[in-house]
Amino acid sequence: MFSLIANRDTAAEESTALLDPALDRALLWQRVDVVGTDFAVFDQQLTAADGVALIGGVLPYCLHYRLRREPDGRCTTLSVTAEGAGWRREVDLRRDAQQWRVDTHESGDLDAALRRAGRAAAPLAGIDDTGRLDAVGEIAIARAPLFATLPRRHGDEAEPTSARVGLVVPPSLAVVVVDSRRHPLPDGGMRVESDTGNATLSFDKAGFVTHWPGVARRAPAHLA
């Protein structure tokens, strides 16, 4: 009897763990737009990924997410939590039969923290009209390097592509819909143009982002 209870407890602990222990690959990026790091664990096919980011600046906060995708790259679940001193926000996006459900939760007062930091109030988490997500082909987190990797790993490397993206924007966790255009470059990089800005990304041979100018750079394996 004791062993059965212990097994159930272990399973429950694993299901609520910040990082799924079944995901056996990891990458770390250094943020260059702020003081911070972005860490992700994932499986070989990138059908599952969990991540944690520590963001500094005038409003320091921690961001963690859980992403689950179909083998063809379609997102089925993205759960994101952002939390700092005196506040916490969560947004959960789930796709079922081509329809999206978006749930949010907030505790504390993010706007009060922003006022103390001399910043404007944040929009509400989530999206007011989930029907706007029906036309999106991808779900992503703004300025998160792993999500910049996903189109490169599953797209056509030779031809320009376009996608409509449901974008979760930290720290508010508001969800906006943007159009993104990707242009593969001869050196293996990619020029990305979107409603939120343009960038030329660099990748390693496996297709993972190594440099996102103004946002992040892959952390070295050893200190120089």
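User: Which residue in strand 14 stands opposite Gln 30?

Analyst: That's Arg 217. Bear in mind that this is a predicted model, with residues numbered from 1 along each chain as its sequence is written.

User: What makes strand 1 and strand 14 a pair?

Analyst: Two strands pair if DSSP finds at least two bridges between them. Strands themselves are DSSP runs of E, at least two residues long, and helices are runs of H or I, at least four, numbered from the N terminus. Strand 1 and strand 14 (residues 216-218) share 3 bridges in the antiparallel sense, so by the two-bridge rule they pair.

User: And how do you know that strand 1 pairs with strand 2?

Analyst: Same test: 6 bridges join strand 1 (residues 25-31) to strand 2 (residues 36-42), and they run antiparallel. Ala 26 stands opposite Val 41 there, and a hairpin of 4 residues links the two strands.

User: Why does Leu 46 count as buried?

Analyst: Buried means under 20% relative accessible area, exposed means over 50%, and partly exposed is in between (1.4 Å probe, protein chains only). Leu 46 comes in at 2%, so it counts as buried. This residue is in the loop between strand 2 and strand 3 (48-55), and its phi is near 60 degrees, a positive value in a residue other than glycine.

User: Why does Arg 143 count as partly exposed, then?

Analyst: Its relative accessibility is 39%, so Arg 143 goes in the partly exposed class. Arg 143 also has a positive phi near 60 degrees, and lies in the loop between strand 8 and helix 3.

User: What does Val 168 touch?

Analyst: Skipping residues up to four places away in sequence, its partners include Leu 78, Val 91, Ile 141 and Leu 173. Contact here means heavy atoms within 4.5 Å.

User: Which residues touch the most other members of the largest nonpolar core?

Analyst: Val 168 is one of them, along with Leu 78, Val 80, Leu 93, Leu 133, Ile 141 and Phe 147, out of 57 residues. A nonpolar core is a set of buried Ala, Val, Leu, Ile, Met, Phe, Trp, Tyr and Cys residues joined through side-chain atoms within 4.5 Å.

User: What makes something a pocket rather than a cavity?

Analyst: On a 1 Å grid over the protein atoms alone, a cavity is a set of points where a 1.4 Å probe fits but cannot get out, whereas a pocket is an open set with protein on both sides within 12 Å along at least five of seven lines; lining residues have an atom within 4 Å of a point.

User: How much space lies in the largest pocket?

Analyst: About 850 Å³. Of its 45 lining residues, the closest to the centre are Phe 147, Ala 148, Ser 180, Arg 182 and Val 192. The volume is the space filled by probe spheres set on the points, which are joined across faces, edges and corners.

User: What volume does the second largest pocket have?

Analyst: About 470 Å³. Among the 25 residues lining it, Ile 55, Tyr 61, Arg 119, Pro 170 and Pro 171 are the closest to its centre. The peptide bond from Pro 170 to Pro 171 is cis, with omega near 0 degrees.

Key:
Predicted model: local features only at pLDDT ≥ 70, side-chain atom pairs only at ≥ 80, totals over all residues. Heavy atoms only, no water.
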